[in-house]
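Visitor: Can you walk me through this one? Keep it quick, please.

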Amino acid sequence: VPPSSIPQYPHPGLPPPAPSTATVSTTPAATFQAFSASTSANTPAPALAPVATRAIPTQQQIDEAWAEYTAPNGAKYYHNPLLKESTYIKPDALKKKETSTTVTSASTKRPWAEYTDPSTGKKYYSDGVTTTWEKPPEMDTAEDAAVASTDSSGDPPKPKKKKKSVVHESYANKDEAIAGFKGFLLAKGIQPSSKWNEVSKYLSSDSRWEAFSDMLSVGERRQALAEYQTKRANELKQQERQERIRAKEAFGQLLTDVLQTVSGFSAYHSRFSDVRATLAKDDRFHAVSEEETRENLFLEFCEELRKREERKKRNKKREAQEAFNAFLTEQQEAGKLTFASTWELFVGSLSSEERNDTRFLVTSHMTEADRQLYFADFVIELQAAEDDKRRRIRDARRRAEKAQRDAYRDLLRRLATEGRIRPYTKWRSIEDIVNLEDSYKAVVSQDPDTPREIFEEWVDAWDSTYHRERAVLTRLVNPPGRASISVRADTSLEDFTEQLLGAAEQAGGLDGDAKHIVDKSEPVSAARLYWEELITRAKHL
């Protein structure tokens, strides 16, 4: 008997009890006590039977023993005292029982009657199926008919012809009527497994059934019933899935609440059989009906506990390592630890107070091996940082030295432009000039021989270029088979270069080389150097 409804009494002729104003307990024991108390008020207590061997219950007794209850969290569950099983999924026996109750409930109805609650004196009303504190409208109709029947003639009143309801006055179209018919089926609690004949027989006594038949054909109503049952079946399946999920969640919460208090429980060693008896004392244990599912949930819970414990250990170990590294950093800043330090030398350099520092001590989260490993990693990082520092310094020094050498070469180019250096100039003749320059001093700081080496390398390269270009100019000045270019002491550089370009045009094939040599000015044009040679030679003639 569901605890949320009024129990059916074995003597329908007796007036039904008043609705209980107290909250009905949802536990199986309380329901049994409530049911026993209510039936004892209407039936005599049976005589005690002799003690006999307990008979094995039949399948019908087992099916009838299933009852619905409400857990403290509001979830519905089902219990069978004969099987000693509980589940969140409604058993098939209850579903069949509800269907048969729905179909036959109309036949058990009696005319509405008024009763008085002996404990409170309050009036209540019942038709054998439903009990309520409010006076039903049907009773007012019956009383009006009784008054009308007592007229002066004393003849009984003629029964009034029942007016037929008209559905199309309430629904705008057939689609709305079909939707209303489906709502009517839902309100009457029609189950997805009910047959058309069972539904029509059960609903035929309801005026709305006749009203819907005026607008909807049998085929349309059967189609609407099929659609309703398909949708309702899916809804019930979804409810069952949700109930299974809630059952697993409740079982998981049970494991969380209880297992931590069980003496000797270990997520690594305990088995489900070790704690089953303790868990079974809680209603949430019976929310999951399959034993295999309970054990699987227990194993998953233990696995999650182990993972959580491992994560906690890793976090503690990481925190210990970070604290130890912070201690090493402080010692490095104090000058007691460098990239060249060893573990033995480092430990020997610590004071007794530093050795007793909680960050340095061996604990369950940091062993002696861990300390030495962390120390080695820290020193390696110091060595890497030192190597990187040296590399950066070396690269910076290299870039600075290159810039100093480039500045010294710029000095040599300037002196060549000023005419103080020529391709044939020797180091001894220029040394006293350049050693006064800052760029020379910077290069000397790198190496004393570097200024001379750079000068000789630079002059040799210039001299080689000049001799190649001078050979071309010589062919233009003294062309074979043609008159030579005459250079006197007063010949200007412009006149000389003009004559060179003219001779190149006449020679053919040398005009491009001649123009390149004449226009080149880095550091000094070969045409200018050759012109200076010819002018010097002309002055000595």
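Visitor: Which residues of α14 meet which residues of α15?

Guide: Y408, L411, L412 and L415 in α14 meet W427, I430, I433 and V434 in α15. Contact here is heavy atoms within 4.5 Å. Helices are DSSP runs of H or I with at least four residues, strands are E runs of at least two, and both are numbered from the N terminus.

Visitor: At what angle do α14 and α15 pack?

Guide: About 110 degrees, with the axes of α14 (residues 368-417) and α15 (residues 427-434) 12 Å apart. Axes are lines fitted to C-alpha atoms over the stretch in contact, and angles run from 0 to 180 degrees between N-to-C directions. The two helices are therefore roughly perpendicular, a label for 65 to 115 degrees.

Visitor: Before I go on, what kind of model is this?

Guide: It is a predicted model: local features need pLDDT of at least 70, side-chain atom pairs count only at pLDDT 80 or more, and totals for chains, interfaces and linings use all residues. Residues are numbered from 1 along each chain as its sequence is written, and side-chain values use heavy atoms, with hydrogens and water left out.

Visitor: OK, the core. Which residues have the most contacts inside the largest one?

Guide: Y408, I421, V434, F455, F496 and L500, in a nonpolar core of 40 residues. Such a core is a set of buried Ala, Val, Leu, Ile, Met, Phe, Trp, Tyr and Cys residues joined through side-chain atoms within 4.5 Å. Buried means under 20% relative accessible area, with a 1.4 Å probe and protein chains only.

Visitor: Which helix supplies the largest share of this core?

Guide: α17, with 10 residues. Helices that each supply at least two residues include α14, α15, α17 (450-477) and α18 (493-507).

Visitor: What does F496 touch?

Guide: V477, V487, T491, A527, Y530, W531 and L534, not counting residues up to four places away in sequence. Apart from this core lies another, of 27 residues, among them A75, A247, F265 and A267.

Visitor: Switching to strands. Why is β2 largely enclosed?

Guide: Because 4 of the 5 residues of β2 (residues 76-80) are buried. On one pairing, 4 bridges join β1 (residues 67-70) to β2, antiparallel. Strands pair if DSSP finds at least two bridges between them. Y69 stands opposite Y77, and E68 has Y78 as its bridge partner.

Visitor: Which way do the β1 residues point?

Guide: A67 and Y69 go one way, E68 and T70 the other, and all are buried.

Visitor: And what do β2 and β3 form?

Guide: A hairpin with 4 residues between the strands; K84 in the turn has a positive phi of about 55 degrees. The strands run antiparallel, with 3 bridges joining β2 to β3 (residues 85-87). H79 stands opposite S86.

Visitor: In what order do the strands of the open sheet come?

Guide: β4-β5-β6, with antiparallel pairing. β4 (113-116) and β6 (131-132) are the edges, each with a single partner strand, so one side of each has no neighbour in the sheet. T116 has K123 in β5 as its bridge partner.

Visitor: How many helices and strands does the chain come to?

Guide: 20 helices and 6 strands. Of the 541 residues, 30% count as buried.

How values were computed:
Buried < 20%, exposed > 50% of the residue type's maximum accessible area, 1.4 Å probe, protein only. Parallel < 35°, antiparallel > 145°, perpendicular 65-115°, else oblique.
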